[in-house]
Amino acid sequence: MADMKRAADLLQSWDRILILSHRSPDGDTLGCASALSRALLALGKSVQFRCADPVPKNMAYLFAGIEYGDFEPERIVTVDVADKALLGALEPLGERVDLAIDHHGTHRPFAREIWVDDTAGAACQMIYKLVQVMGVEITPEIADCLYTGISTDTGCFRYSNASPETHRIAASLLECGARAAEINRAMFETKSRAAVELLKHVYGDMEFYHDGRCAVLCLTRALLEETGAGESELTGVSSFVRQVEGVLIGLTLQERGENEYKVSMRSNAPASAQAVCARFGGGGHKFAAGCTIHAPLEEAKAQIVAACGEALKAF
Ligand SMILES: [Mn+2]
């Protein structure tokens, strides 16, 4: 297991580096990728970035002004990727990863060198330190990228993963010029019309189980098509399900393919979303985890609801 110093030494000795984010990219994996890209470019390295899924429109600013090179990569680095399966269509590259930087306690090793810190509220906290150890100045652009990842992974500093250190790093990023108010408005307040259409259904279609301690929302392809909602509209919907009073586990079942449902689960203490998702081969963090179930909708729902019921028996 590598540490920050080792990760910094490796990156400083490498060139022609390809950075990979996880599929369905969020603010943390993209904030890491964009901040690390900027830092490596500042060190004069050739850098590329790839992700199996497109960067959500509202996060395009993370990559503004970055000039990626056209070359054959020599080294591959993943950021915030807990499992090579999470590379999505880029999973074949998972065999060739030189360095994985991640903050998931459930990290399944796939890279030659691994730096995992599961005390970090966001992988961007790790990149914040790494960039400085590499001797790169935190520019306002890098500060925006890192702040975005930290803010989004902590639900705008509301979740228990926002530690004193998280707040200290965020404060220092503000001093470096991060546009916190603007970023938080874009990430948490601004809703597209498609998101509003989707929310109408979220309110209407939520189902409750186990004495109202488990809330479930099914997002079928038909519903997503009808509302025009895409991946960026879906971000936040799963945490929304958990916000109902009395709910300990909230989850969404999103239709991904024929008899394939992606579960995004959020829990409130003491319930562990991670423990439930692990039973289906998934992973994540204690209060935010995911898994995939291969079954028709009603069966997938019955399976996951039953597993939630098992977990809730303890409380
Ligand atoms: Mn993360």
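User: Which residues have the most contacts inside the largest nonpolar core?

Analyst: Please keep in mind that this is a predicted model. In soluble globular proteins, nonpolar side chains tend to be buried together. Here the largest nonpolar core has 52 residues. Those with the most contacts inside this core are Leu11, Leu36, Ile127, Leu130 and Leu173.

User: With which residues is Leu36 in contact, leaving aside its neighbours within four places in sequence?

Analyst: Leu36 belongs to the residues with the most contacts inside the core of 52 residues. Once neighbours within four places in sequence are set aside, the contacts of Leu36 are Leu11, Ile19, Val77, Val79, Ile127, Leu130 and Met134.

User: How many residues does the other core have?

Analyst: Another core lies apart from the largest one. Among its members are Leu251, Tyr261, Met265 and Leu297. The size of this other core is 25 residues.

User: Which residue is the bridge partner of Ile19 in strand 2?

Analyst: Strand 1 and strand 2 pair in the parallel sense over 4 bridges. Within strand 1 (residues 17-20), Ile17 and Ile19 point one way, Leu18 and Leu20 point the other way, and all are buried. In a regular strand the side chains alternate between the two faces of the sheet. Across in strand 2, the bridge partner of Ile19 is Phe49.

User: Which residue in strand 4 is the bridge partner of Thr78?

Analyst: Strand 3 and strand 4 run parallel and are joined by 3 bridges. In strand 4, Thr78 has as its bridge partner Ala100.

User: With which side chain does the side chain of Gln125 make a polar contact?

Analyst: Gln125 lies in helix 3 (residues 123-133). Its relative accessibility is 1%, and the limit for a buried residue is under 20%, so Gln125 counts as buried. Leaving aside neighbours within four places in sequence, Gln125 is in contact with Ala120, Ile150, Glu165, Thr166 and Ile169. The polar contact, at 2.6 Å, is with the side chain of Thr166.

User: How many residues apart are Asp80 and His103?

Analyst: Asp80 is in the loop between strand 3 (75-79) and strand 4 (99-102). His103 is in the loop between strand 4 and strand 5 (113-116). The pair thus links distant parts of the chain, and the separation is 23 residues.

User: Is His103 buried or exposed?

Analyst: Buried means under 20% relative accessible area. His103 has a relative accessible area of 1%. Because this value lies under the limit, His103 is buried.

User: Which strands stand at the edges of the open sheet of 6 strands?

Analyst: This sheet has the order 6-7-8-9-11-10, and its pairing is mixed. Each edge strand has a single partner strand, so one side of each is left without a neighbour in the sheet. The edge strands are strand 6 (207-209) and strand 10 (283-285).

User: Which residue in strand 9 does Glu255 stand opposite?

Analyst: Strand 8 (residues 249-257) and strand 9 pair in the antiparallel sense over 8 bridges. Their hairpin has 2 residues between the strands, and Asn259 takes a positive phi near 55° there. In strand 9, the residue opposite Glu255 is Tyr261.

User: How many of the 8 residues of strand 9 are buried?

Analyst: Strand 9 also pairs with strand 11 (residues 288-294), in the antiparallel sense, over 7 bridges. Helix 12 (residues 297-312) lies across several strands, including strand 9. Strand 9 (residues 260-267) is largely enclosed by the rest of the structure, because the number of its residues that are buried is 6 of the 8.

Methods:
Residues numbered from 1 in each chain as written. Predicted model: local features only at pLDDT ≥ 70, side-chain atom pairs only at ≥ 80, totals over all residues. Heavy atoms only, no water. Buried < 20%, exposed > 50% of the residue type's maximum accessible area, 1.4 Å probe, protein only. Pairing = 2+ DSSP bridges. Core = buried A, V, L, I, M, F, W, Y, C linked by side-chain atoms within 4.5 Å. Contact = heavy atoms within 4.5 Å. Polar contact = N/O pair within 3.5 Å; in protein donor to acceptor, adjacent residues only side chain to side chain. Axes fitted to C-alpha atoms, helices over the stretch in contact; angles between N-to-C directions.
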